[in-house]
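Me: I'd like to learn how to read a model like this one, feature by feature. Can you walk me through it?

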Amino acid sequence: MIKYFLRITFFLSLFILLLLSYLSLFGLETNKFNNQIRTNIKKIDTKFDVKLNKVKLVLDPFKLNINAKTLGPTILYGNKILELETIRTDIPLKSLFNNKISSSNISISSKSIKIKELITFSRTIKNKPELFLLDRIINSGYIVADIDLKFDKSGKILNNFKLKGFIKDASVNLLDQNKIENINFMFNSQDKLTDIKNLNFDFKNIGFKSDKISIKDSDKITKIKGILKNDLIDLSNKKNIDLINSLLNTDIEKINFSSNNQFFLEITKKFKIKSLNIDSTLDIKELSIKNLLEVKNFFPEKKEFLDLKDHKVNIKFSKNNLEISGEGKLLMQKEFGQIKYNIKKSDKKYTFKSFFN
């Protein structure tokens with residue numbers, strides 16, 4: 001009798017172990033809880049609806065939870081449709097016994113969506129001025145994103161949501177009819193702080209990149225800080241030279257350089273710049289600029305263009321202050337000499353120091 005009981009206990013334990021292993025590794029599919037998942041989605045906004053396929057349930061025996069996931073769902077808001085990759089939520093095991101999902105979180109993963117379509121969908125939900133502006137300036141591009149939402153005991157969404165993903169092949173129209181193109185970056189947002197990583201884009205055929213840019217939002221001001229770089233580029237073609245000369249009111253003939261720019265920016269909710277600080281390091285390999293210096297008495301054989309070579313330049317800019325310092329080779333007449341210089345602007349006062357060998 002004892003052997004028979006032990007045998008039954010062994011096989012029953014083995015069956016439960018195999019069942020738990022199967023549910024943990026493979027799970028099972030059902031549409032039994034679709035209505036409850038729809039109810040969870042409607043907690044975000046009662047105007048939301050969702051079309052679901054079968055839900056796959058996978059056991060997490062350590063947390064005593066069931067991970068519920070559905071593939072290829074579609075979210076509807078009014079007459080707008082947004083196709084998603086997955087919707088996931090964790091269900092306590094006790095919820096299965098009362099046939100009702102009670103979940104404190106929901107995770108939504110998107111497919112690759114056109115940014116313009118996502119903005120249109122978002123404006124249907126809440127037409128904010130920021131979304132209107134984005135709709136006007138964004139020309140193209142795709143977004144893939146994951147959002148993790150948490151609910152309190154009453155079913156309201158908590159503010160500590162997480163949003164992460166990446167932007168690919170985006171293009172932005174600027175007010176002067178120029179474009180920023182080939183925009184690619186990863187983003188991670190939580191608690192009013194957004195980090196942008198591995199950013200790269202092209203402007204006027206110049207490639208820029210940044211390892212990280214941080215954006216911190218508050219009730220009145222948005223603070224942006226980061227580093228923006230460009231590798232060695234040659235801007236000696238006529239189109240680029242004409243653009244530089246028109247922007248800087250200069251007469252440059254040739255330039256190639258690389259740069260590393262640290263910046264800090266504060267913007268009000270009305271998109272006005274409250275403060276701007278820039279600290280740039282330029283590595284100028286070559287620069288040829290029209291010589292407007294009246295130095296014929298000192299340099300009787302002065303050239304029409306000043307030629308700079310291998311210059312290291314540091315530029316610091318703030319609201320009312322500007323400082324430019326650097327050194328390198330300078331061709332004023334027949335041979336290159338070495339020059340050091342420092343230019344400061346404070347309010348409306350300028351000071352200039354230089355040493356030319």
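**A strand covered on both sides**

Reply: Let's start with strand β5 (residues 74-77), which is covered on both faces: T74 and L76 are buried on one side, and I75 and Y77 are buried on the other. Keep in mind that this is a predicted model.

Me: Why do the residues of β5 split into two sides like that?

Reply: The general idea is that side chains in a regular strand alternate between the two faces of the sheet. In this case T74 and L76 share one side, while I75 and Y77 take the other.

Me: Which strands pair with β5, and in what sense?

Reply: Strand β2 (residues 48-51) runs antiparallel to β5, and four bridges join them. On that side, D49 is the residue opposite L76. Strand β6 (residues 80-92) also pairs with β5 over four bridges, again in the antiparallel sense. There, L82 of β6 stands opposite I75.

Me: Okay, now rings. How do I describe an aromatic pair?

Reply: You give the distance of the centres and the angle of the planes. This structure holds two aromatic pairs. One of them is F201 with F208, which is stacked at 5.4 Å centre to centre with 20 degrees between the planes. The stacked label applies because the angle is under 30 degrees.

Me: Are F201 and F208 buried or exposed?

Reply: F201 has a relative accessible area of 14%, so it is buried. F208 counts as buried too, at 18%. The cut-off here is 20%, so both values fall under it.

Me: Which charged residue lies over a ring?

Reply: Take K309, which lies over the face of F336 at 5.8 Å from the ring centre.

Me: How many salt bridges are there, and what should I look for in each?

Reply: The structure holds six. Take K116 and D135, whose side chains meet at 3.2 Å, N to O. K116 is in helix α4 (residues 115-125) and D135 is in helix α5 (residues 129-137), so this pair links distant parts of the chain, 19 residues apart. K116 counts as partly exposed, at 30% relative accessibility.

Me: Where do D211 and K229 lie?

Reply: These two form a salt bridge with their closest N and O atoms 3.7 Å apart. D211 is in strand β13 (residues 206-217) and K229 is in strand β14 (residues 221-234), so the bridge ties together parts 18 residues apart in sequence. D211 is exposed, with a relative accessible area of 54%, whereas K229 is partly exposed at 27%.

Me: Which residues are linked in a network of salt bridges?

Reply: That would be D283, K285 and K312. Within it, the side chains of D283 and K285 meet at 3.8 Å, N to O. D283 counts as buried at 16% relative accessibility, and K285 is partly exposed at 33%.

Me: Zooming out, how many helices and strands does the protein have?

Reply: Six helices and 20 strands. Of its 357 residues, 33% count as buried.

Key:
Residues are numbered from 1 along each chain as its sequence is written. This is a predicted model: local features need pLDDT of at least 70, side-chain atom pairs count only at pLDDT 80 or more; totals for chains, interfaces and linings use all residues. Side-chain values use heavy atoms; hydrogens and water are left out. Rings of Phe, Tyr and Trp (its six-membered ring) pair if their centres lie within 6.5 Å; planes under 30 degrees apart count as stacked, over 60 as edge-to-face and the rest as tilted. Buried means under 20% relative accessible area, exposed over 50%, partly exposed in between (1.4 Å probe, protein chains only). A charge sits over a ring if NZ of Lys or CZ of Arg is within 6 Å of the ring centre and within 35 degrees of the ring normal. Two strands pair if DSSP finds at least two bridges between them. A salt bridge is a side-chain nitrogen of Lys or Arg within 4 Å of a carboxyl oxygen of Asp or Glu.
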